[in-house]
Amino acid sequence: GSQMVMAKMMNNHEWYGLLSTYTTKFGEYLDFYGGIDFRYYKGLHQNIIVDLFSGDYYVDYNRGNVLAVNNAAAANPEFAKQKLTVGDVVFRDYDGFVMSEGAFAQLEYNREKLSAFVSGGLSNTSYWRYDRFYYDEAHAKSGKKHYLGGNIKGGANYNLTDKHNVFFNAGFISRAPMFDTSFINSQNSHERNNDAKNEKVMSFEVGYGFRSRFLAVNLNGYFTQWMDKSLYDSGTGRDGNRYTMNMTGANARHMGIELDFEAKPVDWLSINGMFSWGDWRWSGLATGFYYNNEGQLYDPKNGIPVPSDANVEDYRYQIRMDDVNVGGSAQTTAALGITVRPMKGLRLGLDWNFAGDYYGEVDFKMQYKDIIGDQFDWLYIDFQTLSLYAAQNGFEAELVKEGKHYDYLARLRPKA
């Protein structure tokens, strides 16, 4: 049999929706509209063998994780040893379902120099799954979990003159956690994450605008506070089995300023640009547990399930996130562009872009006994890439030792 196969990861999505709106006026200056919004989603998720790499069959170790209490076929020892071939399913075979029902309304006021609005909405989001791999037909459908959310927003704009205006916006959102967060392991288990809760967002914005025949400028400042953000991660433990981790309780603060402009001093020349500075940082204490494929509490340090008589709280992981930079996006950006139209049908352009303060998703600290080093950003480079760039810059890279999790120790020395 094959020790390794190639499988295609199937993710087929079906979306259905219904939107109905109603509009009317109250007097001369007030406009109202509202409505209802229904959405239904079904996602098919399968892994299907497409190549056995010259073998006659493949035995999927994931079948050994199927519990007889959930799938009666697993009571037969031959179930885990079944010989699979091209077209058979491995690892997962389930449908994920999301359904939401909501209502919304907005009232707008417009009179002379002032325009303002207030809006709000309520929604109910439901999650469930139907599993054909880890569950038999009698247990294939999970129960439904409902999350009630909503939002309220408001804002105003005032035209100081024909060229100058100021504006203000504010809002609060409470939204359902993600599908993956609702379950302990959405890939293979109906078990719910009891710590999953709605994420909240509170935001304020104030700004200024200028318009003239030759120049348009927008300047705004913003402050956004994320509360109870969910963090989801998965990996492979020392025993070779997959694990997942759902963490809740993380907060994030985003604040900054943004500027954009477009100048057109003459008909054939236009200049545009932007500048954005942000200070985005995590805060709070994120907590959660590791779980294995069978939905059991998992101890990644020892690579084994947590004993049934253990104190569960001893295995709750906590991450103090105060003052850690949010990663994944540049917090300082700038751009400048020039467009020239020397003749009809011809356009020449030159653009410059800058991105800075880009932080990795993870910050690390090194510790030896009681000595704890300063926090630093983590950047991973595989040894082959390190060797290539070292050679291009006059160094030789030597691989000293490899670890178990793609880590390694290398030595750099100048070329002789």
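Contact here means that heavy atoms lie within 4.5 Å. Welcome to a predicted model, in which local features need pLDDT of at least 70, side-chain atom pairs count only at pLDDT 80 or more, and totals for chains, interfaces and linings use all residues. Residues are numbered from 1 along each chain as its sequence is written, and side-chain values use heavy atoms, with hydrogens and water left out.

- Buried means under 20% relative accessible area, with a 1.4 Å probe and protein chains only.
- Strands are DSSP runs of E with at least two residues, helices are runs of H or I with at least four, and both are numbered from the N terminus.
- Not counting residues up to four places away in sequence, Trp282 touches residues including Lys229, Leu231, Ala252, Met321 and Val326.

**Gln106**

- Gln106 sits in strand β3 (residues 89-111) and counts as buried because its relative accessibility is 13%.
- Its side chain makes a polar contact with the side chain of Glu108 at 2.7 Å; such a contact is a pair of N or O atoms within 3.5 Å, where within protein one must be able to donate a hydrogen and the other to accept it, and residues adjacent in sequence count only if both atoms are side-chain atoms.
- Leaving aside neighbours within four places in sequence, Gln106 is in contact with Asp31, Phe32, Tyr33, Phe117, Val118 and Ser119.

**Open and enclosed space**

- On a 1 Å grid over the protein atoms alone, a cavity is a set of points where a 1.4 Å probe fits but cannot get out, while a pocket is an open set with protein on both sides within 12 Å along at least five of seven lines; lining residues have an atom within 4 Å of a point.
- The largest cavity is lined by Ile184, Asn193, Asp195, Asn246, Phe289 and Tyr291.
- The second largest pocket is lined by 32 residues, with Arg39, Val98, Ser100, Ser123 and Thr125 nearest its centre.
- β3 gives the most to the lining of this second largest pocket, with seven residues.

Key:
Buried means under 20% relative accessible area, exposed over 50%, partly exposed in between (1.4 Å probe, protein chains only).
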